[in-house]
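This report describes selected local features of one protein model. Please consult the sequence and the 3D view below while reading.

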Amino acid sequence: MATPDMEEIDQGKLEQTLGQLVIDMGAALNSALVLIGLDLGFWEALDGNGPTTSDALAERTGVRERYVREWLSTQAASGYLMHDASADTFTLAPEQAMAFARIDSPVYLAGGYHLISAVFKDREKITERIRQGEGFGWHEHDTELFTGTEQFFRPGYRANLVDAWLPALDGVVDKLTAGAEVADIGCGHGVSTTLIAQAFPNSMVHGFDYHDGSITRARELAAEQGVENVDFAVASAADYPGRDYALVCYFDCLHDMGDPVGALTHARNTLSGDGSVMLVEPYAHDDLAENLNPVGRMYYAASTVLCTPSSLAQPVALGLGAQAGEARLAAVAAEAGFGSFRRATETPFNLILEARV
């Protein structure tokens, strides 16, 4: 490959590229430190304690001060902590604490770094599958991925599912309030399943996932919360049991399936006559150009190493990808026999779509 003369290089573009690389390399390295901070209790120890010196945090957490100071400095350089040079103190502002220290916050995202960690652990295996043009099943990933997925999506589900998403569907809240059967397909650790069950005690909510480890964890979490109107079973999207469901849900998972048309066809066959399918999908426009932004970047990256390999490991291997967009999803629903398809509502991170027969 020929090397262009430096006279042909746009120095502004080169500096912009290198600057972005420095930012991204720092962010990648710090992703491990965010998790280390969780493991060592740094974020929790900073929350609500005002300006803190490295000595004070070291004493509070029992960690050697020299390590603490480097960690604090990294977070300050990342914009995740505030540093007062005059007093040489570090402060976790309430807004920062919501993202890093408060697990029940609607914007808690620190747990999502487990997902990133899992990708690095699986990188060599995924690379080889990509090289061979083969898929990589969800169940094949390092188990940290499952923890990261739970913690990444849980805040958004807690903040929106009961109060905004379900009310946006056609008559679904009234049905669930009176008592109905609900199926949550690809439920993972069952966060969405138990949230619906807790909000609608007269309804019975069934969580299904083909990954037995996730179903085991879902049962444990539901039991810990004392949720009784919920059950979980190992089953695929194409053969889960039951009939006359008032609502069938897919939370951030339909695009991971090898045969989403087949999955929605089975859902149509298990719905009650006036039932609804709710698809919660990553937010995406229909055109690539409109997705070239920070949210799209994150989802395309996840799609390359998680979602698309998962689909390609299954029969049909449609490979929708995490940024399929509303039009492509509507086409899938139409092929599965749904006559009505609409965007019920949205968030900056999700499209909430309703399909009806």
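Asp252 is buried, with a relative accessible area of 7%; buried means under 20% relative accessible area, exposed over 50%, and partly exposed in between, with a 1.4 Å probe and protein chains only. Asp252 is found in the loop between β6 (245–251) and α11 (260–270). Although Asp252 is not a glycine, its phi is positive, at about 50°. Most residues other than glycine have a negative phi.

The model is a predicted one, in which local features need pLDDT of at least 70 and side-chain atom pairs count only at pLDDT 80 or more, while totals for chains, interfaces and linings use all residues. Residues are numbered from 1 along each chain as its sequence is written, and side-chain values use heavy atoms, with hydrogens and water left out. Helices (H or I, at least four residues) and strands (E, at least two) are DSSP runs, numbered from the N terminus.

A positive phi is also found at Ala317, where the value is about 55° although Ala317 is not a glycine. Ala317 lies in the loop between α12 (294–312) and α13 (326–335). Ala317 is partly exposed, with a relative accessible area of 26%.

**Helix pairs**

| Helix pair | Angle between axes | Axis separation |
|---|---|---|
| α7 (residues 144–165) and α9 (residues 191–199) | about 25° | 9 Å |
| α11 and α13 | roughly 55° | within 8 Å |
| α1 (residues 11–40) and α6 | about 125° | 9 Å |

The angle of about 25° between α7 and α9 makes α7 roughly parallel to α9. Angles under 35 degrees count as roughly parallel, over 145 as roughly antiparallel, 65 to 115 as roughly perpendicular and the rest as oblique. α7 passes α9 in a right-handed crossing; a crossing is left-handed if the near helix is turned anticlockwise from the far one by less than a right angle, and right-handed if clockwise. On the α7 side, Glu150, Arg154, Tyr157, Arg158, Leu161 and Val162 meet Val191, Ser192, Leu195, Ile196 and Ala199 of α9. By class, this contact of α7 with α9 has 7 nonpolar, 1 polar and 3 charged residues. Ala, Val, Leu, Ile, Met, Phe, Trp, Tyr, Cys and Pro count as nonpolar, Asp, Glu, Lys and Arg as charged, and the others, Gly among them, as polar.

α11 and α13, whose axes cross at roughly 55°, are therefore oblique to each other. α11 passes α13 in a right-handed crossing. Pro260, Val261 and Leu264 of α11 make the contact with Val332, Ala333 and Glu335 of α13. The residues of this contact of α11 with α13 divide into 5 nonpolar, no polar and 1 charged.

For α1 and α6, the angle of about 125° makes α1 oblique to α6. The crossing of α1 and α6 is left-handed. Ser31, Val34 and Leu35 of α1 and Tyr113, His114, Ile116 and Ser117 of α6 form the contact. In the contact of α1 with α6 there are 4 nonpolar, 3 polar and no charged residues.

**Two buried positions**

Glu150, which is placed in helix α7, is buried, with a relative accessible area of 11%. Leaving aside its neighbours within four places in sequence, Glu150 is in contact (heavy atoms within 4.5 Å) with His189, Val191, Arg217 and Leu221. Glu150 and Leu329 are 179 residues apart in sequence and 24 Å apart in space, C-alpha to C-alpha.

Gly111 lies in the loop between α5 (94–100) and α6 (113–132), and Gly111 is buried, with a relative accessible area of 0%. Beyond its neighbours within four places in sequence, Gly111 is in contact with Gly148 and Gln151. Gly111 and Leu38 are separated by 73 residues in sequence and by 8.5 Å in space, C-alpha to C-alpha.

**The two sides of α3**

In helix α3 (residues 54–61), Ser54, Leu57 and Ala58 are buried. These residues cover an arc of only 105° around the axis, which puts them on the same side of α3; the arc is that of the directions from the helix axis to the C-beta atoms. On the other side of α3, Asp55 and Glu59 are exposed. The buried residues of α3 pack against α2 (42–46) and α4 (65–78). Gly62, whose phi is positive, near 75°, follows α3.

Definitions and conventions:
Axes are lines fitted to C-alpha atoms, for helices over the stretch in contact, and angles run from 0 to 180 degrees between N-to-C directions.
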